[in-house]
Amino acid sequence: MGGTLLLDIIIGGLILGGLYALIAVGLGLQYGVARVLNVSHGEFIMLGAFATYSLYTSFGINPLVSLVISGPIVFGLGFLIHRTLFQHLRKSSESMAAFEGTSILASFGLLFIIQNIALLSWGSDIKGYTYLAGTVDFGGAIYAQNRLLAFLFAIIIGLAFYFFLARTRFGKAIRAAAQDVDTAQLMGVNIHRMLGLCFGLGALMAALAGCLISMMFEITPLMGLPYSIIAIIAVVLGGLGNILGSLLGGLILGLVGNIVMYIHPGLSLIAYYMIFLLLILVRPTGILGK
Amino acid sequence: MRILEGKGVQKYFGGLAATADVDFHINQGEIVGLIGPNGAGKTTLFNLISGSIAPTSGTIMFKGENILGLKPHQICKRGLARTFQLVKLFGSMTVSQNILLACFFGKSGGVHKSDAQRESSRLLEFVGLSGTDGVIAKELTIANQKRLEVARALATKPELLLLDELMAGLNPTEVAQATELVLEIRKKGTTIFMIEHVMKAIMGVSDRIIALHYGKKISEGTPEEITTDKTVKEIYLGI
Amino acid sequence: MSGMIKQLRVVFILLAVLVVAFPLTGYCKDKILIGTAISLSGPYAPGAGMTQIPNYKMWVEEVNAKGGIYVKEYGKRLPVELIIYDDKSDIGTAVKLVEKLVLEDKVDLLLPPWGTAMHFAVGPVANKYGYPLIGPTISSEKLRKVAHKIPYFFGILNMPREQGAALVDLLVEFGIKKVALIYVADAYGIEWTAEVSPALKAKGIKAVIEQSYPLGAKDLSPLLKKIKAANVDALLGMSYPPDTFLITAQSMGLKLNPKLFYLGVGVAFPVYRDKFGAKAVEGVMGAGAWNPKLPYPGAKEYYDRHVKKWNKEPDRWGSAFAYASLQILEQAIEKTGTLDRKKLRDVIATETFPTVIGPVKFEGGFNIQAPGEIGQWQNGEFEVVAGKPKRTAKPIYPKPAWP
Amino acid sequence: MSSTNNPAPKWLFPLVLSFIIIILAAVIPRFLPPYTIISLNDIFMYIVLTVSWAVFSGPTRYISLASAAFFGIGIYVSAVLGNVLPFLAAIALGGLASFLLALLVGLSSLRLRGMYFTIFTFGLSELIRHSVLWWEVNITRTVGRLVVSVDNITVYYAMLTIVLLTLAMAYFIKNSKYGLALLAIGESEEATDHIGVNVNALKILAFAMSAVFMGAAGATMATRWTYIDPSIAFNPLFSFMPVLMAIFGGVHRIYGQIIGATALTLLADMLLTKFPYYYNLLYGIILVAVILFLPQGLAGLRERMSKWRKHVLVK
């Protein structure tokens with residue numbers, strides 16, 4: 001017991017938080033920038049998980065390599081969906097508030113469609129495989145390799161994204177658009193293409209997270225919604241439109257979850273939601289919100 | 001008689017004083033102008049008076065009662081109304097709905113619908129918007145939106161009206177009309193406290209002017225006194 | 001004139017409708033209509049898609065290949081037609097669709113939904129309309145309290161009382177003194193704990209950790225680390241499939257190696273063995289026990305047919321029970337020679353039925369024949385290890401360490 | 001221009017309509033097949049949820065995801081007290097419990113705007129669900145309760161009454177000065193405050209009023225489900241569906257909300273039984289298609305039609 005175990009728990013929480021952060025950054029792009037509260041985010045995670053599973057079990061393709069195949073496809077799918085659906089909705093909505101409403105409805109529609117197609121293609125059975133299930137031992141603190149990998153991915157992507165947003169012209173345009181679309185347009189950005197790319201990037205991150213999740217947990221076509229909810233909570237907690245905030249929100253959720261699970265598993269969900277609600281009340285526009 | 005009197009009004013945002021120790025008063029029936037460069041704390045002072053934000057310390061007496069710390073709707077019910085620097089209309093509602101609402105909930109309260117409707121038409125005519133009853137508010141021109149906001153404030157039956165940059169963004173003809181409107185309002189018995197950047201207009205219409213800078217009152221007096229005041233000239237008029 | 005034509009037309013249409021509708025009224029019975037509202041989507045869908053739906057469909061196919069079920073009152077074999085509705089894993093929808101099956105589709109018989117909660121909701125409704133229902137995926141002590149109010153309902157699966165007792169007997173047999181008892185904060189976990197916890201005390205076995213955890217947890221390692229630190233002889237987890245998989249994966253990672261490793265629903269699923277590998281799960285124990293080696297007529301054949309038809313093994317938990325409940329229904333119809341549900345119910349309640357899980361007999365609405373209570377993975381098969389007389393293999397103890 | 005200054009027909013229409021509904025509803029159960037009555041119960045339930053939700057969230061644009069909590073608390077009241085209280089008392093108590101809970105939710109969320117309010121209400125519903133679950137697991141040591149069941153016709157009349165009361169409440173609030181003030185809150189909360197509206201009090205009260213009939217409906221419907229547990233009673237779907245249905249039908253019109261609730265319930269019924277394996281696919285496609293072509297919801301259809309008619313008439 002004592003200090004080392006607590007540290008162990010905290011690191012374990014951060015590792016799970018890394019995965020949540022990845023999911024949250026993906027949704028952060030779709031909601032914070034493209035203003036689509038995409039409740040079907042989890043379905044893209046599910047698609048990523050099943051793509052990895054199918055490629056691994058049927059063709060023996062390494063789960064990490066499969067990303068090279070599934071990543072671009074899901075990215076393209078996301079981009080296309082924004083182009084054909086959300087861009088159109090955005091134009092026809094009389095205000096941003098109205099667009100947020102209609103886009104939620106449309107993304108619910110997407111959720112139903114994707115989930116049903118997945119059910120038809122893979123059946124409702126629980127599926128799973130084992131990959132990188134081994135552990136790494138840090139002087140007594142033991143972590144699963146696949147969870148560490150997920151954390152590593154989240155950190156790399158988080159940092160890469162941070163520099164992308166801070167340094168590149170396109171990144172700056174995204175940040176501007178997250179604050180104010182008109183200004184971004186004044187900067188000479190093709191706004192619709194950019195929002196489409198953001199949406200595609202969000203879907204890509206979901207697929208990436210799905211790939212990692214399929215190594216850690218069993219998968220079913222119905223697994224998506226809980227992840228969507230985690231992502232939405234993390235994004236809101238971090239502050240809307242703040243990508244770094246989404247990353248932070250995800251980490252906090254994982255950390256808080258693990259700590260309360262250690263202190264009292266029976267009360268963990270109650271404590272989890274109480275902490276979340278209190279954080280919002282203390283910071284009514286998110287942790288990194290204005 | 002002093003309708004409004006502030007003593008030692010202070011508001012800090014973090015460590016920054018938005019208004020520091022401001023004393024001021026408005027007499028019944030006066031038109032008082034409030035001037036100062038951007039960030040001088042003018043709108044903050046209005047927000048404090050109307051209850052939008054809570055003060056750090058001080059007192060503001062309205063008709064002999066300390067209203068500091070009261071909520072905006074309570075202050076409104078006591079007979080103090082305001083307009084906003086950036087117009088805050090109920091944009092998707094009709095012009096008449098904007099005013100009806102103020103009639104229903106303003107100082108008089110509990111007005112019957114038909115009375116409110118009559119009052120609404122009268123006010124629209126008064127501010128020069130007759131015939132626009134059914135128009136969606138956000139479809140009006142900026143000048144007309146400002147008029148509507150004044151009419152809405154008047155519909156609450158205020159004894160003191162705070163006008164925050166009524167003339168900003170208006171063309172010279174519209175400025176003249178607005179000046180006329182201010183005088184008309186006063187004529188009907190409402191006291192006016194107004195923030196204005198359009199110097200010519202405010203100098204022409206005010207009985208008295210208060211100048212703020214960095215949250216402090218730097219000068220007070222008749223328009224003539226203010227235009228000749230050395231400090232005001234230096235920091236505000238930039239001479 | 002045109003008015004008259006119109007009237008004639010109306011009469012004609014009415015006649016046509018009558019002619020078309022007549023056969024549907026059941027006058028000339030040409031099939032047995034069976035309906036079920038079960039989860040094709042939502043959180044219960046994985047369970048339903050594994051344990052029940054494949055068996056329902058397979059049975060219908062088999063029966064119809066024989067030309068149907070012989071019903072004496074009609075003097076011929078009647079083929080079976082199955083209507084499946086999706087209850088979306090939602091109780092309200094389930095209740096409503098069952099009433100639709102009864103009132104609108106006028107089915108002859110009903111098949112149960114998936115899961116304890118659904119059975120509790122649908123059972124009373126079926127009972128209200130007088131439809132016998134044999135529930136293969138309800139395991140609850142609460143059922144005992146209401147069983148007398150719903151005489152048309154039969155529980156065929158193992159109940160926590162017997163299964164929990166069998167588990168504790170196993171612990172006594174191995175001389176285990178110190179255990180950790182964790183349970184999912186849902187009906188299943190609570191009812192199991194309510195049975196097992198006092199039984200442990202009575203036998204002088206100490207539960208040094210007794211702790212619930214929430215459904216849907218994504219990381220249970222903090223709890224498992226506590227258990228590892230407590231150095232117990234046995235881990236008893238009253239778990240649902242998602243947590244069963246999670247606890248297993250994380251115990252492997254943490255090298256948590258108690259001498260006895262028991263988890264609830266999910267261990268008996270073939271996918272459990274396939275995900276982790278037969279070697280890794282060697283010695284893991286779980287709730288439910290059935291395997292094709294059991295000496296019941298048709299058991300092996302059922303297993304083979306299932307594998308052949310669906311290209312996957314039936315789970316070793318409720319699948320065979322689901323199939324058995326269909327066998328019982330079929331036998332009851334043949335025995336009574338009728339589709340009269342009252343008579344069917346009475347026969348089910350009193351007679352003994354040979355099935356793939358052995359000779360089933362209901363007492364007070366509960367099946368007293370269990371093929372086994374607890375199973376253990378040994379060389380890729382889920383061997384029955386408790387109750388003792390039903391063993392298909394000797395239990396492995398202590399469990400080999402994780403690879 | 002809108003013609004709001006002609007009060008007589010505006011009053012007459014709903015009056016006549018409600019009379020027709022009452023008479024029809026009283027007579028209908030005698031002649032309808034029993035399953036149709038069961039279907040109507042479901043439609044009624046969703047109308048109550050949707051219209052109630054829209055009483056507050058429609059005009060103020062505060063999208064609440066707490067409906068499941070209000071509905072669920074009613075369900076629990078009925079499950080816990082159904083044995084000892086008469087049906088009507090359980091319904092009334094369900095409504096009251098829901099009202100009080102909504103007061104609390106409203107009070108605690110006053111500071112929050114937009115999406116933060118939405119997610120807060122969602123989190124609060126989940127908190128309530130897990131707290132009830134914790135209570136059942138650790139205190140009563142039983143998850144899942146059997147509810148005393150009531151026959152379908154009685155449920156039908158109870159639900160019909162609740163629907164009519166909900167509609168009446170929605171109608172009177174919408175057409176009162178408070179309805180106008182709620183609309184103003186959606187436009188500018190600050191300005192509304194400054195013209196003398198006690199914004200916080202109005203928000204909390206309207207929110208609580210909107211919860212009353214959700215709780216009553218929950219208490220009623222629980223008797224149909226015979227068995228409930230916290231995940232059934234506080235299913236987040238009951239928070240999402242009213243939002244979907246209101247947007248689908250048209251948030252700003254009561255008839256739009258009614259149409260949205262009815263259409264989506266009937267659609268689900270139809271697809272669910274006709275295409276059990278493609279149900280979600282078709283449902284999703286229809287949702288997307290409707291929102292693409294009718295961003296104002298189904299109520300927008302009427303406005304489109306009348307525009308189109310004018311267009312044709314002019315020609």
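This is a predicted model: local features need pLDDT of at least 70, side-chain atom pairs count only at pLDDT 80 or more; totals for chains, interfaces and linings use all residues.
**Entry 1: which chains touch**

I began with the pairs of chains, and found that four pairs touch, with the most contacts between chains A and D. I then looked up two pairs that do not touch: chain A and chain B share no contact, their closest C-alpha atoms lying 11 Å apart, while for chain B and chain C the nearest C-alpha atoms are 39 Å apart, again without contact.

**Entry 2: chain A against chain D**

For this pair I noted 40 residues from chain A and 33 residues from chain D in the contact. The area buried between chain A and chain D comes to about 3500 Å², and carbon and sulfur atoms give 81% of that area. I looked for charged pairing across this interface and recorded zero salt bridges between chain A and chain D, although six residue pairs are in polar contact there, both residues being at pLDDT 80 or more.

Next I asked which helices of chain A supply at least two residues each to the side that touches chain D. They are α3 (63-92), α4 (96-122), α9 (224-238) and α11 (268-282), and α4(A) gives the most to that side, with 13 residues. I sorted the residues of the side of chain A that touches chain D by type and wrote down 28 nonpolar, eleven polar and one charged.

**Entry 3: chain D against chain B**

Here I listed 20 residues of chain D in contact with 25 residues of chain B. The buried area for chain D and chain B is about 2100 Å², with 66% of it from carbon and sulfur atoms. Across this interface I found one salt bridge, in which the side chains of Lys88(B) and Glu190(D) meet at 2.7 Å, N to O. I also counted nine residue pairs in polar contact between chain D and chain B, both residues at pLDDT 80 or more.

On the side of chain D that touches chain B, the elements giving two or more residues are α7 (177-187) and α8 (189-194) of chain D, and α7(D) gives the most, with seven residues. By type, I divided the residues of that side into nine nonpolar, six polar and five charged.

**Entry 4: two single residues**

Asn235(D) I located in the loop between α10 (230-233) and α11 (237-249) of chain D. At 18% relative accessibility Asn235(D) counts as buried, because the cut-off is under 20%. With neighbours within four places in sequence left aside, Asn235(D) is in contact with Asp90(C), Ala68(D) and Pro230(D).

Notes: Residues are numbered from 1 along each chain as its sequence is written. Chains are lettered from A and ligands numbered from 1 in the order in which they are written. Side-chain values use heavy atoms; hydrogens and water are left out. Contact means heavy atoms within 4.5 Å. Buried area is the accessible area (1.4 Å probe) that two parts lose on being put together, summed over both. A salt bridge is a side-chain nitrogen of Lys or Arg within 4 Å of a carboxyl oxygen of Asp or Glu. A polar contact is a pair of N or O atoms within 3.5 Å; within protein, one must be able to donate a hydrogen and the other to accept it, and residues adjacent in sequence count only if both atoms are side-chain atoms. Helices (H or I, at least four residues) and strands (E, at least two) are DSSP runs, numbered from the N terminus. Ala, Val, Leu, Ile, Met, Phe, Trp, Tyr, Cys and Pro count as nonpolar, Asp, Glu, Lys and Arg as charged, and the others, Gly among them, as polar. Buried means under 20% relative accessible area, exposed over 50%, partly exposed in between (1.4 Å probe, protein chains only).
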